[in-house]
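Here is a friendly tour of a protein model, meant to be read with the picture beside you. Take a look at it, and then follow the notes topic by topic.

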Amino acid sequence: MSSKKYKACISGVHGYVPDYVLTNSELEKLVDTTDEWIVTRTGIKERRILKGELQGTSVLGVRCLEGLLEKTNTNPKDIDLIIVATVTPDMFFPSTANLIADKVGASKAYGFDISAACSGFLFALTTGCQFIESGTHKKVVVIGADKMSSIIDYDERKNCVLFGDGGGSVLLERSNDDTGIQDYILRSDGSGSDMLCLRGGGSLRPASIETIKNKDHYIYQEGSSVFKFAVTNMADISEEIMKKNNLSSDDVSYLVPHQANKRIIDATAKRMGVGPEKVLLNIEKYGNTTAGTIPLCLWDFEKKFKKGDNLILAAFGGGFTWGSLYLKWSYNN
Ligand code: COA
């Protein structure tokens, strides 16, 4: 029996990417790579980088939230809760959500961060939903944002071509009808943790001369192993949520996938039986912004959506973490 009092819906979305564009041809000058290799293997043509001193992930969060508040005509003081999904918080503590709340004047909101890597936005979105569904909160903001350039080694070709900086935010409110978040499936498997992680800086390996020498403060990834897990799990969980909700491929209006690699997205779409016209892609412009990809994708394609459209959101990331979410879009543009 459901304990839901209300259905939660996304009532607005806004994104932000920094101005600086790091193109494949610029990367060709930094490391031994080619535009052709990057495009064929990943689908990425360029990514955005947040430049400047003392510019953390909160800058991305503040910019996308300010735009969201303006767009939805929301007073920051009416926000109850801000949840930020990120693996690149400004600091270990206080939470980036706290910093963002302060900077946008959300003085009545409390906030916290969620760490689930590339699945972070889905984990945060479903967490936010609980507060709306139970009736305890009326306005919850969910942000997915990452300054991946802060943990990337630009002397090494493997990872620097994949990631970029950016973030997106959504406003969650009570739905007035049957649109909104319908269902979700979330999973994690810590046995994959060594294949994609940030080894240094935590309580296991606190920052030291040694961790710096070992480059432990940069992302570590066994790319081809992660690729195999991502393909299988993102496709499986997307198919699973369709079956669970009796959705045929015709019922699905759009797939909103985490943007890590176009080949992972293609495999997911194929399994779901949806054609390329239903697959929302912006990986070529932004690369992998980790927790930022899904809200950035919703923002980029918002104008396409019509009330009642069935969207499947799907992600896979470090941890390992993965998930899918089925929502009916709640407004027309
Ligand atoms: N430019 C040129 N060559 C590169 C390169 C680059 N940027 N990065 C790796 N290579 C080389 C490798 O050294 C290797 O060369 P070798 O065969 O001489 O050893 C070759 O390209 C193939 O490497 P491999 O890692 O097997 O390629 P791949 O087809 O698996 O693609 C990734 C690499 C990283 C693009 C792919 O594995 C991937 O996307 N993985 C998932 C990453 C991800 O999305 N993680 C985030 C969470 S989902």
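Two strands are said to pair if DSSP finds at least two bridges between them. With that idea in hand, you can follow how Asn-310 stands opposite Lys-328 in strand 13. Please keep in mind that this is a predicted model.

- The strands of an open sheet, 4 in number, come in the order 8-13-12-11, and their pairing is mixed.
- Strand 8 (180-188) and strand 11 (254-257) are the edge strands; each has a single partner strand, so one side of each has no neighbour in the sheet.
- From one strand to the next, the twist averages 15°.
- As background, strands of a sheet pair through backbone hydrogen bonds, in either a parallel or an antiparallel way.
- Which sense do strand 12 and strand 13 pair in, and over how many bridges? Strand 12 (residues 310-317) and strand 13 (residues 321-328) are antiparallel partners, joined over 8 bridges.

**A closer look at Thr-321**

- You will find Thr-321 in strand 13.
- Is Thr-321 buried or exposed? Its relative accessible area is 7%, and the cut-off for buried is under 20%, so Thr-321 counts as buried.
- A polar atom of the Thr-321 side chain lies 3.1 Å from the backbone oxygen of Gly-318.
- Setting aside neighbours within four places in sequence, Thr-321 is in contact with Ala-116, Ser-119, Phe-123, Arg-187, Ser-188, Ala-315 and Phe-316.
- Among these contacts, Arg-187 and Ser-188 belong to the residue range of strand 8 (180-188), while Ala-315 and Phe-316 belong to that of strand 12 (residues 310-317).

- The domain assignment divides the protein into domain 1 (8-178) and domain 2 (181-328).
- Between the C-alpha centres of domain 1 and domain 2 there are 14 Å.
- Domain 1 brings 55 residues to the contact, and domain 2 brings 48 residues.
- An interface's size is often given as the accessible area lost when the parts come together.
- For domain 1 and domain 2, the buried area is about 4,000 Å², and carbon and sulfur atoms give 63% of that area.
- Which residues of domain 1 lose the most area to domain 2? They are Cys-118, Leu-122 and Ile-151, together making up 16% of what that side buries.

**Backbone details in the loops**

- In general, most residues other than glycine have a negative phi, and most peptide bonds are trans.
- The peptide bond from Phe-93 to Pro-94 is cis, with omega near 0°, and Pro-94 sits in the loop between strand 4 (81-85) and helix 4 (96-104).
- The bond from Gly-319 to Phe-320 is a cis peptide bond too, with omega near -15°, and Phe-320 is part of the loop between strand 12 and strand 13.
- Lys-215 is not a glycine, yet it has a positive phi of about 60°.
- The loop between helix 7 (209-213) and strand 10 (219-221) holds Lys-215, which is partly exposed with a relative accessible area of 40%.
- Asn-246 is a residue other than glycine with a positive phi, near 55°.
- Look for Asn-246 in the loop between helix 8 (223-244) and strand 11; Asn-246 is exposed, at a relative accessible area of 68%.

Methods
Residues are numbered from 1 along each chain as its sequence is written. This is a predicted model: local features need pLDDT of at least 70, side-chain atom pairs count only at pLDDT 80 or more; totals for chains, interfaces and linings use all residues. Side-chain values use heavy atoms; hydrogens and water are left out. Helices (H or I, at least four residues) and strands (E, at least two) are DSSP runs, numbered from the N terminus. Axes are lines fitted to C-alpha atoms, for helices over the stretch in contact, and angles run from 0 to 180 degrees between N-to-C directions. Buried means under 20% relative accessible area, exposed over 50%, partly exposed in between (1.4 Å probe, protein chains only). A polar contact is a pair of N or O atoms within 3.5 Å; within protein, one must be able to donate a hydrogen and the other to accept it, and residues adjacent in sequence count only if both atoms are side-chain atoms. Contact means heavy atoms within 4.5 Å. Domain bounds come from an automatic or database domain assignment. Buried area is the accessible area (1.4 Å probe) that two parts lose on being put together, summed over both.
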